[in-house]
Amino acid sequence: MTEDTSRNLKDFVDSLEEEWKAQVPTLSTEPISVVARLVRMSYYVERRVAENLARYDLTRGEFEVLAVLTRNPDAVITPKILQTKILITSGGLSNRIRKLEEKGLLERFPDTGDRRGVILKATEKGKALTLDAVNSHVEVERQFASCLSVEEQRELARLLKHMILSQQRELNRNSLC
């Protein structure tokens with residue numbers, strides 16, 4: 001399918017906008033076209049990523065934990081630091097850590113700087129599994145982006161980064177209140 005052909009096709013969001021405009025003719029639907037497509041794409045990505053990581057007996061969340069530990073093998077990673085690197089609550093993180101420990105993919109060590117704290121490290125088995133999984137994970141991401149030219153990928157990445165940074169600033173501003 002050529003780029004011109006795909007630009008003329010309607011997707012779910014086009015229909016959604018048309019339905020809203022029919023009911024509320026004055027409604028500005030430009031934000032819907034952006035956010036609804038992000039939500040829809042997020043669903044497709046989440047589904048494909050989950051299917052791919054299931055081949056490694058990992059959930060996306062477990063992979064995220066192991067990926068942080070594998071990318072930073074010499075760093076002191078505590079659960080608190082891990083929380084800043086992935087979007088998760090402390091309760092959810094504790095559950096992931098427990099499951100990864102049960103699978104023999106992660107170890108906890110006492111934090112000498114904090115008697116109640118722990119330092120997390122991926123086991124050799126966890127590192128090997130993560131390194132295997134990351135190759136297929138990046139291939140899934142490549143497949144998603146392959147319908148865009150390199151320049152389009154860069155532009156989309158730039159625009160999404162802009163949106164994410166604006167939300168982070170808003171979140172930080174609201175958390176200071």
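1. In this predicted model, helices α4 and α6 are roughly perpendicular to each other. Their axes lie 10 Å apart and pack at an angle of about 80°, which falls in the range of 65 to 115 degrees that counts as roughly perpendicular. On the α4 side, the contact is formed by G61, E62, E64, V65 and L66, and these meet L93, R96, K99 and L100 of α6. By class, this contact of α4 with α6 comprises four nonpolar, one polar and four charged residues.

2. Helix α4 (residues 60–71) also packs with helix α7 (residues 124–145): the two axes come within 10 Å and cross at roughly 110°. The pair α4 and α7 is therefore roughly perpendicular as well. The residues involved are F63, L66, A67 and T70 in α4, which meet G126, K127, T130, L131, A133, V134 and H137 in α7. The contact of α4 with α7 has six nonpolar, four polar and one charged residues. L66 takes part in the contact with α7 and in the contact with α6.

3. The length of α7 agrees with expectation: at 1.5 Å a residue, its 22 residues should span 32 Å, and its end C-alpha atoms are 32 Å apart. The buried residues of this helix are G126, L129, T130, A133, S136, H137, V140 and F144. An α-helix has 3.6 residues a turn, so residues three or four places apart point the same way. The buried residues of α7 pack against α3 (30–54) and α4.

4. Helix α3 passes the corresponding check. Its 25 residues should span 36 Å at 1.5 Å a residue, and its end C-alpha atoms are 36 Å apart, which agrees. Buried positions in α3 are S33, A36, V49, N52 and L53. The partners of these buried residues are α2 (12–23), α4 and α7.

5. Which residues touch the most other members of the largest nonpolar core? They are L58, V65 and L82, in a core of 25 residues. At least two residues of this core are supplied by each of α3, α4, α6 (90–102), β2 (114–122) and α7. Helix α4 provides the largest share, six residues. In soluble globular proteins, nonpolar side chains tend to be buried together.

6. Not counting residues up to four places away in sequence, L82 touches V65, V68, I77, L93 and L120. Of these partners, V65 is itself among the core members with the most contacts, and both V65 and L93 belong to the contact of α4 with α6.

7. The loop between α4 and α5 (79–85) contains T78, and A75 is placed in that loop too. Is T78 buried or exposed? T78 is buried, because its relative accessible area is 14%, under the 20% limit. Leaving aside neighbours within four places in sequence, T78 is in contact with D111, V118 and L120. L120 is also one of the residues touched by L82.

8. A75, by contrast, is partly exposed, with a relative accessible area of 27%, a value between the limits of 20% and 50%. The C-alpha atoms of A75 and T29 are separated by 46 Å, and the two residues are 46 residues apart along the chain.

Terms used
Residues numbered from 1 in each chain as written. Predicted model: local features only at pLDDT ≥ 70, side-chain atom pairs only at ≥ 80, totals over all residues. Heavy atoms only, no water. Axes fitted to C-alpha atoms, helices over the stretch in contact; angles between N-to-C directions. Helix = DSSP H or I, 4+ residues; strand = E, 2+ residues; numbered from the N terminus. Parallel < 35°, antiparallel > 145°, perpendicular 65-115°, else oblique. Contact = heavy atoms within 4.5 Å. Nonpolar A, V, L, I, M, F, W, Y, C, P; charged D, E, K, R; others polar. Expected span 1.5 Å × (residues − 1). Buried < 20%, exposed > 50% of the residue type's maximum accessible area, 1.4 Å probe, protein only. Core = buried A, V, L, I, M, F, W, Y, C linked by side-chain atoms within 4.5 Å.
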